[in-house]
Amino acid sequence: LMHLIDSAETETAHEALAALMRSFSDTVDPGDYLNANDDFVVNIALEALGRAPSEENLQLVVPHLRSPNRRKGAVLALSQMIQGAPRLIEDVISEFRASDEPSVREALAEVLARKAEHVLHTALREEWPNLEESIGLILKTRQATGIPAMLNRKLELKLQRRICSVIGPTV
């Protein structure tokens with residue numbers, strides 16, 4: 001496979017790299033391919049990193065959110081990571097809160113949308129100063145967030161009102 005990756009035409013090389021990452025990602029470091037000039041190669045490596053959730057791999061993936069050609073692969077990788085290792089959601093939340101780049105925040109909001117209920121509880125508990133804007137960005141991804149279902153549960157009236165005040169301007 002390594003020979004095909006190095007010497008074959010592009011499509012065959014891509015297929016060989018994808019097979020290598022799927023079958024041998026425990027012996028081949030996907031991080032070695034993150035600086036490739038070929039976006040397809042980088043996206044294959046990002047996908048492989050998503051299957052190996054860790055704080056280190058998360059930090060390798062996040063910078064690729066800045067690239068329009070790599071953003072989708074990075075979002076998928078991060079989503080896969082927090083699915084496989086839920087403890088990493090706190091790291092994604094930290095990245096989301098720390099970023100001042102709109103495209104990166106939008107991409108991270110897409111990752112966090114599936115865990116929006118957790119994010120909302122965290123934001124309320126920690127009293128984020130930009131709570132409405134942050135939750136609004138997550139809700140604008142138009143992904144299923146679970147927040148409406150959460151409101152149907154028996155919550156304290158005060159908490160229900162606070163949640164409605166946060167999500168009201170967005171919906």
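## Model and confidence

pLDDT is the predictor's confidence in each residue, on a scale from 0 to 100. This is a predicted model, in which local features need pLDDT of at least 70 and side-chain atom pairs count only at pLDDT 80 or more, while totals for chains, interfaces and linings use all residues. Residues are numbered from 1 along each chain as its sequence is written, and side-chain values use heavy atoms, with hydrogens and water left out.

The chain averages a pLDDT of 86. A score of at least 70 is reached by 92% of the residues. Confidence is lowest in helix α1 (residues 2–7), with a mean of 57. It is highest in helix α4 (residues 55–61), at 97. Where pLDDT is low, the predicted coordinates should not be read in detail.

## Overall architecture

The chain has 11 helices and zero strands. Helices (H or I, at least four residues) and strands (E, at least two) are DSSP runs, numbered from the N terminus. The C-alpha trace spans about 65 × 25 × 25 Å along its principal axes.

Of the 171 residues, 43% are buried. Buried means under 20% relative accessible area, exposed over 50%, and partly exposed in between (1.4 Å probe, protein chains only). Contact means heavy atoms within 4.5 Å. Take the contacts between residues at least 6 apart in sequence: 59% join residues at least 24 apart.

## Helices α3 and α5

Helix α3 (39–50) has 12 residues and reaches 16 Å from its first C-alpha to its last. That is close to the 16 Å expected at 1.5 Å a residue. The expected span is 1.5 Å times one less than the number of residues. Nine of the 12 residues are buried, so α3 is largely enclosed by the rest of the structure. Among them are Val41, Val42, Asn43 and Ile44. The buried residues of α3 pack against α2 (10–24), α4 and α5.

Helix α5 (residues 71–84) has 14 residues, which should span 20 Å. Its end C-alpha atoms are 20 Å apart, which agrees. Its buried residues include Gly73, Ala74, Leu78 and Met81. The buried residues of α5 pack against α3, α4, α6 (89–98) and α7 (102–113).

Two packed helices are described by the angle between their axes and the distance between the axes. Axes are lines fitted to C-alpha atoms, for helices over the stretch in contact, and angles run from 0 to 180 degrees between N-to-C directions. Angles under 35 degrees count as roughly parallel, over 145 as roughly antiparallel, 65 to 115 as roughly perpendicular and the rest as oblique.

The axes of α8 (residues 116–126) and α11 (residues 157–167) come within 12 Å and cross at roughly 105 degrees. That makes α8 roughly perpendicular to α11. Leu120, His121 and Leu124 in α8 meet Leu159, Arg162, Ile163 and Val166 in α11. The contact residues divide into five nonpolar, one polar and one charged. Ala, Val, Leu, Ile, Met, Phe, Trp, Tyr, Cys and Pro count as nonpolar, Asp, Glu, Lys and Arg as charged, and the others, Gly among them, as polar.

The axes of α9 (residues 131–139) and α11 come within 8 Å and cross at roughly 70 degrees. α9 and α11 are therefore roughly perpendicular to each other. Here Leu131, Glu132, Ile135 and Leu139 in α9 meet Arg162, Val166 and Ile167 in α11. This contact has five nonpolar, no polar and two charged residues.
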